[in-house]
Amino acid sequence: MAAASQTAILDTQLAAYEPMPANPWDRRKVAHLFRRAAFGATWSELDEGVKLGPRGCVDRIMNGHGAGAIREEDFTAMARTAVAAGSERNLQGWWVFRMLAGGHPLIERLAFFWHDHFATSQEKVANLNLMHRQNELFRRFALGHFWVRESGGLLMEVTRDPAMLVWLDSNSNRRAAPNENYAREIMELFALGIGNYSEKDIREAARAFTGWFVTKNEFRFVASEHDTGEKTVLGRTGNLDGGDVVRIIAEQPAAAEFIVRKIFRYFVNENDPPEPAVLAALAAGFRERDYDMRWLVETTLRSNLFFSLASFRQKITSPLDFTIGTVRRLEGSRVSPVALAEVCSKLGQTLFRPPNVAGWEEGRAWINSTTLLGRSNFAQSIVASRGGPFAGRIDPAALAAKHGRTSDSEITDFFLDLLVDGDVPRETREQLAKSLASPISGGGDARGERVRRLVQLVLSSPEYNLC
Amino acid sequence: MSTTRRSFLETSLKSSALVSLGLTVPEFLHRSARAAADAKSPADRVIVVIQLSGGNDSLNTVIPFGDDLYAKNRTALRVPTDQIKKIDDYCGLHPSLDGLAKLLEDGQLAVLQGIGYPNASRSHFRSMDIWHTASLAEKLPNDGWLGRAIGRPEMRREGIVPALHFGGKLPLALVGRSTEVPSLNSLADFKLQPGTAGREQLAAVAATERTDGTLQFLQRNTLEAYATSGRIEEMAKNYNTPINYPGTELARKLKLIAQLIDSGLGTRIYYASLDGFDTHANQLPAHANLLKELGDAVKAFMDDLGHHGHRDRVLAMTFSEFGRRVKENGSRGTDHGSGAAMFLAGGKIKPGQIGKHPSLADLDDGDLKFHTDFRSVYASVLEEWLGCPSREVLGGEFTRLKLLA
């Protein structure tokens, strides 16, 4: 594509969104940004976001909101404890806790993006230490370089990552009998996509990776198992080794496009791929900047496309977003992250255990009778005053009162605005108002219980499954 | 929409909530044919896979009593001829398989002889993975044959749980690249937890038709989920069956499956396992108990399905990762072997033996020789029963067997 028309795309669809009277910066746009790039916004964050304006608000997302309640070294200690105890549950809970209470939600979201992209499962790795180390790698490179010629970047790090080496059978990739597992997946799922390589490229690349072993939990190059013969991968011939192959793959034009497409799908639109001109402009910019994820993500989040109707509330909420987002919006404190991780697992998303090397399918695949009932049951338990793992951790009536909403109609509007951008059919709004007014049998704090029920109903609405 | 379907929705949603909104049963549900299940349509057919884990001793399951070599190889483990449930004058079923023998008499059981694959692995893990992935490749794929099948457009129906597993860890057979298959332990997983808001209020929030595509998808599925769970709860309370299921774990699972099939859930693949077949020592009593658990549970299951009018659209299939060696070992048990029989049960199968019992004289390194590749069975089940093209699912063409009557 000609440079001029790329510039035109960058000037229009990919240009930073600016508020206009017909398309103002408002709470809905702040909520959208926080849904996609963080894990949902609290009422105060919505207020602040409106004041900050689009530029300041995206700055805040890109930089994190600084010190969360928990210090970095405390998070590190928690992970170490979970790993030392061999507790996968606690390690899952630890990551949920980072998403929920950490100071930089975007980093956690991208760490998850990479976990989904380089999907590695404890199912086979069977080593929490390695899973945790890989997780820290994803965090370190969350907004780093996917590939950079001098130092290698994330793609090279992952290729030498012990969990990945175990996951894709590096130790059986021997000179006499190459194992194609990693060679195949780096081309098919990690960097190029089907159609951009041949079966012969895979076989030759596997030979280049021979001898890239993992011993005692570390990457180790075993020269005696490495095939030093001539190989041809993607048109390049020579005595290639694994590093050469990673470089050859990463520098294919298809590689930048592959990552751009996936980021676009994740942040902007999971239903339709980017237009060719948008893809080309983003991929070109990404390559020029040494595959800098910060540039790619920031450009995407600031863009007119991101704030367009094609993106707005057109994505289906993942279990992580559904559960963590609920607790953040309702300002739950002392909610057990381990219990939240267990709910996610029931809803089809078990951290550290993606269903296979292709990661989670997302979108409509999240939704079926069992998962919808699971979501509805979570909506019930998360605001319950008694019973279940979250009893009494969230008090919706108190939250509304804290923000000055006390009458029934104020309370209904407050929760609809906070949770679904105030956007439900008129009949549904009437139905919700009616249910808030109708009495509850069983005594207790009757009004508090009625507000809990209202919130349960809003969380169970079809609208709340949109992200 | 059938009357059954309409009343199903109306009772399960307790439609007063809908009526109070001036709504009738939503139009889209008219198009759902789930409850009006019709055995003639492959789209309503169900398969129930029963995995016998550990390597079932096929030779003492379908017993070739008519061959002297049986008694010669099985001295401590020989089942007396007069106790065997004879299929013909050469072979018959283990006496504990009384339930299956009755199904055979009623024309509801097929015995598939000599099933296996070349260069059989005697590793539990490798061989089970081969059966699950339907692949013999050095490096096995990381998805399973049923997982791949449910990813096929022919098998996909939005919002329908495509497959359900009863038990803990999901078997590789059900791992696919599409949705995650839920593993259930009980119907509690389908229950709306009692809260202050009842099903009626929840349904009312989702009752208004949405217009946007994604939102409409969510709204319809939400309503369907409530209807399904309502139906299942009603069913759990009222499921009336004159059939006495035995008190075993497999029977419990199969009873749940029968209830779910009857509930109109629309799921087409169910999976349950029975463990303990790795009988290296003192095999006789343990194996007899396992076969009894299997036979009695499957018999009760088929009777129950028959009572509720679903027998003709259900096919139950057993398999094990391998058979065991023809010659018993020195500790009154058997070691890992190969070649085995499979059972198929259902109202529509072609009853009786399919294929010959493998010869006891012509062995492959002490093991029965297989004559039919297990993927031929899969291909036949996929194509003939489920209406799912098998070539891509199985990674090749396999000869199809005539399994249906």
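1. Start with a term. Helices and strands here are DSSP runs, numbered from the N terminus; a helix has at least four residues and a strand at least two. Labels such as β8 and α10 of chain B follow that scheme. Keep in mind that this is a predicted model.

2. Look at B:N282 first. Its place is the loop between β8 (269–274) and α10 (283–307) of chain B. Is B:N282 buried, exposed or partly exposed? The count is 13 other C-beta atoms within 10 Å. A residue is buried at 20 or more and exposed at 12 or fewer, so a count in between means partly exposed. B:N282 is therefore partly exposed.

3. A:N217 sits in the loop between β1 (212–215) and β2 (218–221) of chain A. Its phi is near 65°, again a positive value in a residue other than glycine. A:N217 has 13 C-beta neighbours inside 10 Å, so it counts as partly exposed.

4. Now the strand β5 (residues 109–116) of chain B. Eight of its eight residues are buried, so β5(B) is largely enclosed by the rest of the structure.

5. Which strands does β5(B) pair with, and in what sense? Strand β10 (residues 340–346) of chain B runs antiparallel to β5(B), with five bridges joining them. Within that pairing, B:A110 has B:L344 as its bridge partner. Strand β11 (residues 352–354) of chain B runs parallel to β5(B), and three bridges join the two. Here B:L112 is partnered by B:I354. Strand β12 (residues 372–373) of chain B also pairs with β5(B) in the parallel sense, over two bridges. In β12(B), B:T372 stands opposite B:I115.

6. Last, the contact between the chains. On one side are 42 residues of chain A; they are in contact with 40 residues of chain B. On the chain A side, the elements that give two or more residues are α19 (369–382), α22 (426–437) and α23 (446–459). Which of them gives the most? It is α19(A), with eight residues. By residue class, the side of chain A that touches chain B divides into 19 polar, 15 nonpolar and eight charged residues.

Technical notes:
Residues numbered from 1 in each chain as written. Chains lettered and ligands numbered in written order. Predicted model: local features only at pLDDT ≥ 70, side-chain atom pairs only at ≥ 80, totals over all residues. Contact = placed C-beta atoms within 7 Å. Nonpolar A, V, L, I, M, F, W, Y, C, P; charged D, E, K, R; others polar. Pairing = 2+ DSSP bridges.
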